[in-house]
Amino acid sequence: MTERLSAQTIGTISPNITRPTYDRAAVSTGIVHLGIGAFHRAHEAMYTETVLNGGDPRWGIVGASLRSPAVRDALKPQDGLYTLAVRGAEGERLQVIGAIKDVLVAPEDPEALLDALTHPAVKIVTLTVTEKGYCYDPATAALDEAHPDIVHDLAVPTQPRTVPGFLIEALQRRRTAKISSFTVLCCDNLPHNGRTVRAIANRFAALRDPALAGYIANEVAFPSTMVDRITPAPTDDDRAAISARLGLEDAAPVVTEPFSQWVIEDRFPEGRPDWSLGGAEFATDIAPYENMKLRLLNGSHSTLAYLGYLAGYDTVADTMNDANYRRLAVGVMDDAATTLKMPAGVHIAAYKRALIERFENPALRHRTWQICMDGSQKLPQRLLGSIRDRLAAGAPIDRLVMGVAAWMRYVTGIDEQGKPIDVRDPLSARLRSIADEAGLVAERLSPALLDVREIFTPELAADPRFRAAAINTLSRIIAKGAKGAVAEV
Ligand code: CS2
């Protein structure tokens, strides 16, 4: 039996695999990270590892999961060590990362996480909890005050379950104990993510206590950031292949692409690591970068995912092998790009070319099904913003609406072969019952879904051009199948 990767065994790995060059025992915890999934371990933890390797030991990470114990159970026996496998056309590069000092599971012991969040050495709380983790209304970006877990956290603030609940209770404890606050850095694909999370946190705090809200508004920084690295969920095959190369069993490796980007608004009153050592860029206004990424990358990703899943394509790379899908992805990027105003020096054409190459990466098996998840939380910032801006400019939206109409077909829960689709979405039950009532008839299904106010604002849903485009496109997808509809657009 192969031994497990750990602090004890790491010395046995092959010398060409990168590993921590610093003394892990000397590292203190400067960051608490909520949402310790694959993306964080491929992105922020990698940048932070470079900082630790560079000799600044203040920025070790304590990770927390707000839901399942799986990552903790895999990482704990490995002393937090895991392998990052970077896969591109030129092969695979392995790096063992040591930046994660400990992993907590919030539902098992909320107090332990609150303790970690209250520690004076912790200067930054970073977040990758996915869109739905913020308990907000995607159409308006406001806190969902009726969310059952928010209702709970307002009723029992000392035993939180949600991101706003943990952040605000920890900040309240720091305030009482006269410990300086921490900076909150949202690393999720939300529109204007810092501003959005700030508004959610402020609202939650105000519902608890107006004085607390005043403190948060004055003392806590919420810089915005654009994060980008395609990181598919690792599979059993990935774990077996990476363990074999390592010569040690790693139960928590992460597979990612060579490309990585992190643009961060430089507002950290309590200090920050020099993540630029790992290639991060600091900027004063990052809104244009966020929009570029959400509308070009994520907008075309979701479009390919829904239309690809319906056509039976398992991965994004598979969709890109279909010339019509590839053409549509380029078209969605071209249309979305007309809505952007980028600072001088940013070359959108080169960015788009790089995206196409990234989507084609045959070494990454990024499942369309994974990207289809949580569509209700993703559509507004990925596609609906571009559609709104194109409508205002009197420009055509036929390509941008493809992803929205394919989502409408997808959430019916039955695929083109009549087989069930495992639709994962906080609104899935409601979407399914709307679809069941409407039937597979575009003239009924599309308007019924446009009435879902969490996703579509009343203004957009009422726009006759958008309504007509959604009905026509959905009806083509129903009649001709996703492949047929993509061939025509
Ligand atoms: C993807 C993103 O799953 C999804 O919805 O579009 O996770 C995407 O891979 C990342 O944003 C890339 O940075």
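I began with Arg72, which has a relative accessibility of 17%. The cut-off for buried is under 20%, so I logged Arg72 as buried. This is a predicted model, so I read every value as computed from it.

Next I asked which residue Arg72 forms a salt bridge with. I found Glu108, with the closest N and O atoms 2.9 Å apart. I then placed both ends: Arg72 sits in helix α3 (residues 70-75), while Glu108 is in the loop between β5 and α4. The two are 36 residues apart, and the pair links distant parts of the chain.

I moved on to Arg161 and Asp149, whose side chains meet in a salt bridge at 3.6 Å, N to O. Arg161 belongs to the loop between α5 (148-155) and α6 (163-176) and Asp149 to helix α5, so this pair ties together parts twelve residues apart in sequence.

Lys480 is partly exposed with a relative accessible area of 44%, and Glu488 is partly exposed at 43%. I also wrote down a network: salt bridges that share partners join Arg87, Glu92, Asp238 and Arg245. My count of salt bridges came to 34.

What is the strand order of the open sheet of five strands? I read β5-β2-β1-β6-β9, with parallel pairing. At the edges stand β5 (100-105) and β9 (183-186), each with a single partner strand, so one side of each has no neighbour in the sheet. On average, neighbouring strands are turned by 20° against each other, direction ignored. I saw helix α4 (residues 110-118) packing on the sheet, where α4 touches β1, β2, β5 and β6. The direction of α4 makes about 135° with that of β1.

I gave β1 an entry of its own. Six of the six residues of β1 (residues 29-34) are buried, so the strand is largely enclosed by the rest of the structure. Five bridges join β1 to β2 (residues 60-65), and Ile31 stands opposite Ile61 in β2. Four bridges join β1 to β6 (residues 124-127), where Leu34 stands opposite Leu127.

Technical notes: Residues numbered from 1 in each chain as written. Predicted model: local features only at pLDDT ≥ 70, side-chain atom pairs only at ≥ 80, totals over all residues. Heavy atoms only, no water. Buried < 20%, exposed > 50% of the residue type's maximum accessible area, 1.4 Å probe, protein only. Pairing = 2+ DSSP bridges. Axes fitted to C-alpha atoms, helices over the stretch in contact; angles between N-to-C directions. Contact = heavy atoms within 4.5 Å. Salt bridge = Lys/Arg side-chain N within 4 Å of Asp/Glu carboxyl O.
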